[in-house]
Amino acid sequence: MQRSFALLMFMKASPGQENRLRKLVGEIRAQIREQDGCEEVVAHESEDNPNEFMLYQRWASSDVMLENQRMPYIKRFILEADKISESPVQAIRWIDIAEK
């Protein structure tokens, strides 16, 4: 049985770069949504700190998630986001324990 996986990406915009990062996150969300094996992708902005963003992705399997992370558009996103963020994009992989 294939287990679904989640990938959470956390970003914190540098001062004055919130709108740019918000736009970038929205663009990558649309691109990820079109990928085979993507079950869900949602972008969030912190209610308490509007310069903090989180991108939640759920994938059909670890293989398709990892394949997507190697795609040029993801690499470009991370490079661009890192340029306008206080720290590098943090990506954490999660596994669905309900299917264990």
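## Asn 51, a buried loop residue

Asn 51 is buried, with a relative accessible area of 15%; buried means under 20% relative accessible area and exposed over 50%, with partly exposed in between (1.4 Å probe, protein chains only). Its place is the loop between β2 and β3. Helices here are DSSP runs of H or I with at least four residues, strands are runs of E with at least two, and both are numbered from the N terminus.

Beyond its neighbours within four places in sequence, Asn 51 is in contact with Met 11, Lys 12, Ala 13, Glu 18 and Glu 86. Contact means heavy atoms within 4.5 Å.

## About the model

This is a predicted model, in which local features need pLDDT of at least 70, side-chain atom pairs count only at pLDDT 80 or more, and totals for chains, interfaces and linings use all residues. Residues are numbered from 1 along each chain as its sequence is written, and side-chain values use heavy atoms, leaving out hydrogens and water.

Let's turn to helix α1, which covers residues 18-33. Leu 21, Leu 24, Val 25, Ile 28 and Ile 32 are buried in α1. Seen down the axis, the buried residues fall within an arc of 100° (taken from the directions from the helix axis to the C-beta atoms), so they line one face of the helix. On the other side, Asn 19 and Lys 23 are exposed.

The buried residues of α1 pack against β1 (5-12), β2 (38-45), β3 (52-59), α2 (62-69) and α3 (72-83).

Conventions. Expected span 1.5 Å × (residues − 1).
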